[in-house]
Amino acid sequence: MSHLSLMLAAQASAAVPGLTLVSTTDMSDGDKDAAFATDTDSRAWLVELPRTDSEELNARERIEALRAIGEGLRSRVGFALPRIHGEINVRGKTLTVAEWLPGFRIPTAQVTPALAGSIAEAMATIHSIPSSALYDQGRPIHSANDAQRTAVGIVDRAAQTTLLPQSLLRRWEAAYEDPELWQFEPTIIHGGLRVDSFLVEGDRVTAMTGWRALQVGDPARDVAWVTAPTAKALQAGVENAYRGHRASADRRIFQRARFWAELDIARWLLHGMDHGDEEVTRKATAQINELHDRVGGDMDSALTEPLTQTPHPLAPPKDSTE
């Protein structure tokens, strides 16, 4: 073992009494010291120690979220969820010892139709668990109205930057004003799903990682990544499989998912401007312009439907000079 691996192994034993690690492989990166390790019973573990304040915050959020995942919730899914067995403070940072999750990450381009179906089933399974499983667990609980307010706030702030093309702004305003788009039942959601949140073996999801944004909220947030251009080949298959495993899903969930995916670009723009990061602001602005060019006139990417709509009371009044 390297000196770092020895240190992590010793601290892991302090965090989990009775644990003896006999081999480690360094997996550190710029944000954290980390090691894959095995114990005397050949069980596999992941030991992590943040290096930065931002990664420490991520670690604390992850720990709090995973504490809310009880055995009842775990028993309802057919794949592994992270489980932290111990933690210890090391020089002001939180070292964690977790079970090693089975499977591998793969890029979107390598997702087969069969695997897309397994991914859709995994998402539908999480969204089908009664929301009451997270009540009294200290996790955020957001209603459909809360989701709509969030969307209105993002669009309003993005509009104030003057960097949004007017037709894209009108597209987003029409979406948050569409009352049917926001008629959904909140569910348990992962809150930050991306294709690399899934660990897979062959055509089967073996684990789902992340979870620091675990909450009750809009299930469309979890399927938003499927609406990205990079996942276009998967969209129809994932939607069909998802609806097959979750018949109660609202009719507009994938349109709303597309809206959230577009608003994530606006969030990135606002992050860059809030932190004075000109590089992020420049890249986000370029993505907004690319989005504008891509969705203009593309009915397959529509966020609303040709229905008579009444402005929602949450929507801010339009500027009469437009």
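Predicted model: local features only at pLDDT ≥ 70, side-chain atom pairs only at ≥ 80, totals over all residues.

Trainee: Got it. How do the residues lining the second largest pocket split by class?

Mentor: That lining has twelve nonpolar, eight polar and eleven charged residues. A pocket is an open set of points on a 1 Å grid over the protein atoms alone, with protein on both sides within 12 Å along at least five of seven lines, and lining residues have an atom within 4 Å of a point.

Trainee: Which residues lie nearest the centre of that second largest pocket?

Mentor: Ala224, Trp225, Thr227, Ala228 and Ala261, out of 31 lining residues. The space in there is about 860 Å³, where a volume is what probe spheres set on the points fill, with points joined across faces, edges and corners.

Trainee: And which helices supply at least two residues each of its lining?

Mentor: Helix H8 (232–245), helix H9 (253–274) and helix H10 (278–295) do. H9 has the largest share, six residues. Those labels are DSSP runs numbered from the N terminus: helices are H or I with at least four residues, strands are E with at least two.

Trainee: Okay, now the largest pocket. How much space lies in it?

Mentor: About 1,200 Å³. It has 34 lining residues, and Glu48, Arg62, Arg105, Thr209 and Gly210 lie nearest its centre. By class the lining divides into 13 nonpolar, nine polar and twelve charged.

Trainee: What gives the most to that lining?

Mentor: H2, with five residues. Helix H2 (53–67) is joined by strand E2 (32–39), strand E3 (44–50) and strand E5 (93–99), each supplying at least two residues.

Trainee: Which residues line the largest cavity?

Mentor: Lys32, Glu48, Pro50, Glu55, Ala59, Arg62, Thr94 and Thr96. E3, H2 and E5 each give two or more of them, and H2 has the largest share with three. The classes come out as two nonpolar, two polar and four charged.

Trainee: Switching topic: how do H6 and H9 cross?

Mentor: The axes of H6 (residues 166–177) and H9 come within 11 Å and cross at roughly 130°. Axes are lines fitted to C-alpha atoms, for helices over the stretch in contact, and angles run from 0 to 180 degrees between N-to-C directions. Under 35 degrees is roughly parallel, over 145 roughly antiparallel, 65 to 115 roughly perpendicular and the rest oblique, so H6 and H9 are oblique to each other.

Trainee: Which residues make that contact?

Mentor: Leu168, Arg171, Trp172, Ala175 and Tyr176 of H6, with Arg258, Phe259, Glu262, Leu263 and Ala266 of H9. Contact means heavy atoms within 4.5 Å. Seven of these residues are nonpolar, none polar and three charged.

Trainee: And at what angle do H5 and H6 pack?

Mentor: About 160°, with the axes of H5 (residues 144–160) and H6 10 Å apart. That angle is why H5 is roughly antiparallel to H6. Gln148, Val152, Val155 and Ala159 in H5 meet Leu169, Trp172, Glu173 and Tyr176 in H6. That contact has six nonpolar, one polar and one charged residues.

Definitions and conventions:
Residues numbered from 1 in each chain as written. Heavy atoms only, no water. 1 Å grid on protein atoms, 1.4 Å probe; cavity = no way out; pocket = protein on both sides within 12 Å on 5 of 7 lines; lining within 4 Å. Nonpolar A, V, L, I, M, F, W, Y, C, P; charged D, E, K, R; others polar.
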